[in-house]
Amino acid sequence: MGRMQITLAILKPDVAVNPHIVYAIDKSILRNKFLIIKRKRLRWPKARAEQFYFQHAQRFFYRRLVEFMSSGPIEALILAKRNAIQDWRLLIGPTKVYKTQHTNPNTIRGQFGLTDTRNAVHGADSEESVHEEVAFFFPEFDVGKWNTKGHYLIP
Ligand code: RTP
Ligand code: MG
């Protein structure tokens, strides 16, 4: 038993443009007992995508990642569960979609990812990232004071 934790998820433009897929991912989130604490649908200007992924600035995929992430709507979600950070990354599956489709076909990336860049979703990878990423999307959200009373569930 781990402790209750929050994590930060992003639905990327490849899935966020499709309400049927957003609905399917929501069902998967809730079936796996995550609470949706907050969600925000938005579009990133290129500069915001660059800022979010600045740690990858030297990687070969940075330009296409930034182009893709600012090419359409995205949804940022704060999810809560015991071991949320690790559990969310298990539920989404490995980054590389072509491999994941074979090794982890039931994960969110396995089901809905298109390519290594257009891989459906993001998941924060540490408590430190969660704090940074929550502040990035939800500056009004006080990570120290969050409680499950404010959550809402999608039917
Ligand atoms: P994320 O941060 O999005 O949850 O994904 P991750 O930890 O599994 O992957 P990371 O290595 O942090 O890479 C961040 C995002 O870069 C894109 N990417 N594209 N070969 C490629 O085209 C490539 N490799 C990585 C993916 O969108 C990945 O989620
Ligand atoms: Mg990462």
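In the predicted model, helix α2 comprises 13 residues, 19–31, and extends 18 Å from its first C-alpha to its last, close to the 18 Å expected at 1.5 Å a residue. Just after α2, the backbone at Lys-33 adopts a positive phi of about 65 degrees, although Lys-33 is not a glycine. Lys-33 belongs to the loop that links α2 to β2 (35–43). Because Lys-33 has 11 C-beta neighbours inside 10 Å, and a residue with 12 or fewer is classed as exposed, Lys-33 counts as exposed.

A positive phi is also found at Asn-83, where the angle is about 55 degrees; this residue, too, is not a glycine. Asn-83 is situated in the loop between β3 (73–82) and α5 (84–92). With 14 C-beta neighbours inside 10 Å, Asn-83 counts as partly exposed.

The protein as a whole contains eight helices and four strands. Read from the N terminus, these elements follow the order β-α-α-β-α-α-β-α-α-α-β-α. The radius of gyration is 15 Å, close to the 15 Å given by the globule rule for 155 residues, so the protein is as compact as a globular protein of that length. The C-alpha trace spans about 40 × 35 × 30 Å along its principal axes. Of the 155 residues, 34% count as buried. Among contacts between residues at least 6 apart in sequence, 71% join residues at least 24 apart.

The mean pLDDT of the protein is 93, with 93% of its residues reaching 70 or more. The ipTM and the pTM of the model are 0.93 and 0.93.

Ligand 1 is surrounded by His-56, Phe-61, Leu-65, Thr-95, Asp-116, Thr-117, Asn-119, His-122, Gly-123 and Asp-125. This shell divides into six polar, two charged and two nonpolar residues.

Leaving aside residues up to four places away in sequence, Gly-123 touches Thr-7, Ala-9, Trp-88, Arg-89 and Ile-92. Of these contacts, Trp-88, Arg-89 and Ile-92 fall within the residue range of α5 (84–92). Gly-123 and Arg-59 are separated by 64 residues in sequence and by 19 Å in space, C-alpha to C-alpha.

Phe-136 is placed in helix α8, which covers residues 127–137. With 14 other C-beta atoms within 10 Å, Phe-136 is partly exposed. Phe-136 and Gln-51 are 85 residues apart in sequence, and their C-alpha atoms are 9.6 Å apart in space.

Notes. Residues numbered from 1 in each chain as written. Chains lettered and ligands numbered in written order. Predicted model: local features only at pLDDT ≥ 70, side-chain atom pairs only at ≥ 80, totals over all residues. Near = placed C-beta within 6 Å. Nonpolar A, V, L, I, M, F, W, Y, C, P; charged D, E, K, R; others polar. pLDDT = per-residue confidence, 0-100. Helix = DSSP H or I, 4+ residues; strand = E, 2+ residues; numbered from the N terminus. Rg over C-alpha atoms; globule rule 2.2 N^0.38 Å. Buried ≥ 20, exposed ≤ 12 C-beta atoms within 10 Å, placed from the backbone. Contact = placed C-beta atoms within 7 Å. Expected span 1.5 Å × (residues − 1).
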